[in-house]
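These are my notebook entries on a structure that I examined step by step. I began with the whole chain and then turned to single elements and residues.

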Amino acid sequence: MSDYVLVLENVRKVYKTGEVETHALRGVNLAVRRGEFIAIMGPSGSGKTTLLNMIGSLDVPTSGRVLIDGVDISKLKPKEMARLRNQKIGFVFQQFNLISRLTVYENIELPLIPRGLPRKERRVLVERALLRAGGDKSWFPKRPTQLSGGQQQRVAIARAVVTEPPILLADEPTGNLDRASAAKVLSTFLSLNKSGQTIVMVTHDPEVANCAQRILIIRDGVIVKEMAPVFSRCIVNTVGKAT
Ligand SMILES: Nc1ncnc2c1ncn2[C@@H]1O[C@H](COP(=O)(O)OP(=O)(O)O)[C@@H](O)[C@H]1O
Ligand SMILES: [Mg+2]
């Protein structure tokens, strides 16, 4: 197995809206090792979400290659791509994207349904995921909206890791949270990462980016530089202190 769980080679993405072409990615190269925790920063409109969508195989590049666990996703049929996404990728969004008419338990269980596991096995995995995400079993029968934003995001993280995917993607996971809740989300990411979870996270917040092992800066659709994070400035360490 390759050291790299994720490789992007000269990835370009052009959106066409009528006559207008938007070059959202202009040749991105990236190699992520198993177990790495990477933060991506950049101004609004620089291509961060587009990049995560390519990695998460929610969309395909206009040109270039994306290899997930050695598999070139551009070669896959839509059905195979959906399967790869279910097996290899966990996704966490800024808006949590939990389903409001389902309970917390059912939300976390959802990615397990296509796998045809018996109910008891699903229960074990759901409980383990919630625990790993720093959640509490008393949340299970509730609806997502009965929880705080920070709690909802931890439920979303549980849903993202319940299938134990090799890659966890997070798009501005703390964008809707206060600092205390943001710190809890990052402490969850750090503990997942400690047990081997690869994480690629987009953020605007330097205190959030400083929790990662590498910070990549994207501008106008290209990665322009890499910065070394300062862990003492990670929000887990700075929350409750003056900044
Ligand atoms: N589905 C789409 N159709 C057309 N243009 C898009 C689409 N998604 C994003 N874009 C454009 O691509 C560029 C990059 O967007 P995005 O990846 O969302 O940036 P970021 O997440 O860094 O704010 C922007 O100019 C945006 O307007
Ligand atoms: Mg975005």
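**Entry 1**

I first looked up what lies over the buried residues of α4, and I found that the cover includes α3 (104-109) and α5 (149-161). I note at once that the model is a predicted one.

I then recorded the helix itself. Helix α4 runs through residues 119-132 and has 14 residues. From its first C-alpha to its last it reaches 20 Å, close to the 20 Å expected at 1.5 Å a residue.

Which residues of α4 are buried? I listed Leu125, Val126, Ala129 and Leu130. These residues cover an arc of only 130° around the axis, which puts them on the same side of α4.

**Entry 1: The chain as a whole**

I counted the elements next. The protein chain has 8 helices and 10 strands. Its radius of gyration is 18 Å, close to the 18 Å that the globule rule gives for 243 residues, so the chain is as compact as a globular protein of that length. Along its principal axes, the C-alpha trace spans about 50 × 50 × 40 Å.

I asked what share of the 243 residues counts as buried. The value is 42%. I also looked at contacts in the chain with a separation of 6 or more, and residues 24 or more positions apart account for 71% of them.

**Entry 2: The shell around ligand 1**

I listed the residues that surround ligand 1. They are Tyr15, Thr17, Thr22, Ala24, Gly42, Ser44, Gly45, Ser46, Gly47, Lys48, Thr49 and Thr50. The elements that give two or more residues to this shell are β1 (4-17), β2 (20-33) and α1 (48-55).

Which element gives the most to the shell? I found that α1 does, with 3 residues.

**Entry 3: Helix α1**

The buried residues are Lys48, Thr50, Leu51, Leu52, Met54 and Ile55. Just after α1, Ser57 takes a positive phi of about 50°.

I looked up Asn10, which is found in strand β1. Its phi is near 45°, a positive value in a residue other than glycine. Is Asn10 buried, partly exposed or exposed? With 13 other C-beta atoms within 10 Å, Asn10 is partly exposed.

I then turned to Asp220, in the loop between β9 and β10 (222-227). The phi of Asp220 is near 45°, again a positive value in a residue other than glycine. Asp220 has 14 C-beta neighbours inside 10 Å and counts as partly exposed.

Leu216 lies in strand β9 (residues 214-219). I counted 22 C-beta neighbours inside 10 Å, and a residue is buried at 20 or more, so Leu216 counts as buried. Leaving aside its neighbours within four places in sequence, Leu216 is in contact with Ile38, Ile40, Ile223 and Glu226. Leu216 and Ala228 are 12 residues apart in sequence and 9.0 Å apart in space, C-alpha to C-alpha.

Leu84 lies in helix α2 (residues 78-88). With 16 C-beta neighbours inside 10 Å, Leu84 counts as partly exposed. Not counting residues up to four places away in sequence, Leu84 touches Ser57, Ile68, Val71, Ile73 and Leu76. Finally, I recorded that the C-alpha atoms of Leu84 and Asp220 are separated by 29 Å, and that these residues are 136 residues apart along the chain.

Definitions and conventions:
Residues are numbered from 1 along each chain as its sequence is written. Chains are lettered from A and ligands numbered from 1 in the order in which they are written. This is a predicted model: local features need pLDDT of at least 70, side-chain atom pairs count only at pLDDT 80 or more; totals for chains, interfaces and linings use all residues. Helices (H or I, at least four residues) and strands (E, at least two) are DSSP runs, numbered from the N terminus. The expected span of a helix is 1.5 Å times one less than its number of residues. A residue is buried if 20 or more other C-beta atoms lie within 10 Å of its own, exposed if 12 or fewer, and partly exposed in between; C-beta atoms are placed from the backbone. The arc is that of the directions from the helix axis to the C-beta atoms. Two residues are in contact if their C-beta atoms, placed from the backbone, lie within 7 Å. A residue is near a molecule or strand if its C-beta atom, placed from the backbone, lies within 6 Å of it. The radius of gyration is taken over C-alpha atoms; the globule rule is 2.2 Å times the number of residues to the power 0.38.
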